[in-house]
Amino acid sequence: MNIKELIQPYKDLVISTRRDLHRIPEVAYTEEKTSAYVADYLKREGLAVTTGIARYGVVGLLETGRPGPTLLVRADMDALPITEETGRPFASQHPGVMHACGHDGHTAMVLATATAMNALKDRISGTIKFVFQPAEEGPGGAKPMIEAGVMDAPHVDYALGCHIWPAIPEGTVGIRAGALLAAMFRFDLTIKGKGGHGAMPHLCVDALEIGCQVVSALQRIVSRKMNPLSPSVISVGQFQAGTTFNVIPESASMCGTARTFEKKTWERWPEIIETIVKGVCESMGAGYEMTYEQGYPPTINDPEMAERMKRIAGAVVGPDQVVVPDKTLGGEDMSFFLEKARGCFFCLGAGNDAYAGIHNPRFDFNEDILIDGVETFCRAAIDLLGNHRPPADRGV
């Protein structure tokens, strides 16, 4: 039997698993039920299972007993604080929480891949680590899992992950060499002025007006300080100041995000932003307090691995259905795994006018696509780990 014929029987399994997980969504660092479900599944498959990594992270180890590389296959488990409106019979049973970004599908695909590769492990050598991480939506579970040692014992050589991707059509697989998703950065700022009567602004230091100047100045960073050939964005998403119509506020607070595909720019964002804030505040007689959250680095696919995965995905959906997705200034903490091992984060096409997009209360997708993700993972595992058996002993 060929690989497609071997994988297709797992279609019902991956769909039913996705529905089980969809019913029990949990937001970042509360994934207790999801983690237990994943661990029990892997134990039934006979894998060596470690739990409690970075609180709720799980690793299942598939060992062939033959020397070879180690492949990490990653899924994210957390959901979003959104009230589901799909009306599906397997809709969320947790009020106010929903799998609105496809993480239930990601986890189901990797679990089904563990089942399939356990049955096919005579075709490979080395080890597969099935990694299920918490908190991808923030503050991030990949980095603490790495700090806990998931890239070691045995050392990880290759890393793969997948995201259900409504931006490309159903039946396609999207693979881009190099940067796919941006580096993320958050800042929180409080401007400290001097309040007073709205009729006497000359006696005040107007924090609201200074805040407006800061927002305006921040918008010029991208147009005047960044290379126009390398996309970046900075957005202030929240601004709060004042309590009533005739009082000049003493303080103003805001928070925002900056995104870039360049790691060096990502590392410099604190310096760039604070230079602007300090200059505006000092020139207008105000003080400020600012905090930063560095977020995730850019998600960068190894070019060689990306080309290899294009060939592998072509065997699943057909070469003409392997596309290059647009880069996006969204972020993903799969990036941390890709910094430590040669790897590829690929997109599973889910574009269909019948469904809403990600992070929407009506988000959903055609579950038939999940088996293509499972087959892509399995073919990749066989391709990466299938040619490392030691030569047969030919005698003296």
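At what angle do the axes of helix H8 and helix H10 cross? The structure discussed here is a predicted model, in which local features need pLDDT of at least 70, side-chain atom pairs count only at pLDDT 80 or more, and totals for chains, interfaces and linings use all residues. Residues are numbered from 1 along each chain as its sequence is written, and side-chain values use heavy atoms, with hydrogens and water left out.

The axes of H8 (residues 303-317) and H10 (residues 370-385) cross at roughly 125° and come within 9 Å. Axes are lines fitted to C-alpha atoms, for helices over the stretch in contact, and the angles run from 0 to 180 degrees between N-to-C directions. Helices (H or I, at least four residues) and strands (E, at least two) are DSSP runs numbered from the N terminus. The angle makes H8 oblique to H10; angles under 35 degrees count as roughly parallel, over 145 as roughly antiparallel, 65 to 115 as roughly perpendicular and the rest as oblique. The crossing of H8 with H10 is right-handed, a term for a near helix that is turned clockwise from the far one by less than a right angle, whereas anticlockwise is left-handed.

On the side of H8, the contact is made by Met305, Arg308, Met309, Arg311, Ile312, Ala315, Val316 and Val317, and on the side of H10 by Asp372, Glu375, Thr376, Arg379, Ala380, Asp383 and Leu384. Contact means heavy atoms within 4.5 Å. By class, these residues of H8 and H10 comprise eight nonpolar, one polar and six charged. In this scheme Ala, Val, Leu, Ile, Met, Phe, Trp, Tyr, Cys and Pro are nonpolar, Asp, Glu, Lys and Arg are charged, and the others, Gly among them, are polar.

H10 also meets helix H4 (residues 103-119), where the two axes come within 9 Å and cross at roughly 45°. H4 and H10 are therefore oblique to each other, and H4 passes H10 in a right-handed crossing. Gly105, Met109, Val110, Ala112, Thr113, Ala116 and Met117 of H4 face Leu370, Gly373, Val374, Phe377, Cys378, Ala381 and Ile382 of H10 in this contact. The contact of H4 with H10 has eleven nonpolar, three polar and no charged residues.

A further helix pair is formed by H2 and H3, whose axes come within 11 Å and cross at roughly 150°. That angle makes H2 roughly antiparallel to H3. Leu13, Thr17, Asp20 and Leu21 of H2 touch Thr34, Tyr37 and Tyr41 of H3.

The interior of the chain may be considered next. In soluble globular proteins, nonpolar side chains tend to be buried together. Here, the largest nonpolar core has 66 residues, of which Met109, Met117, Ile128, Phe130, Phe132, Leu160 and Ile175 touch the most other members. H10 gives the most to this core, with ten residues. A nonpolar core is a set of buried Ala, Val, Leu, Ile, Met, Phe, Trp, Tyr and Cys residues joined through side-chain atoms within 4.5 Å. Buried means under 20% relative accessible area, exposed over 50%, and partly exposed in between, with a 1.4 Å probe and protein chains only. Tyr29 lies in the loop between helix H2 (11-23) and helix H3 (32-44), and has a positive phi of about 60° although it is not a glycine. With a relative accessible area of 14%, Tyr29 is buried. Ala54, in the loop between strand E1 (48-53) and strand E2 (57-63), likewise has a positive phi, near 50°. Ala54 counts as buried at 18% relative accessibility.

Two peptide bonds are cis: the bond from Gly138 to Pro139 has omega near 5°, and the bond that joins Ala153 and Pro154 has omega of about 0°. Pro139 is in the loop between strand E4 (127-133) and helix H5 (142-147), and Pro154 is in the loop between H5 and strand E5 (158-169).

As a whole, the chain has ten helices and 16 strands. Of its 396 residues, 52% count as buried.
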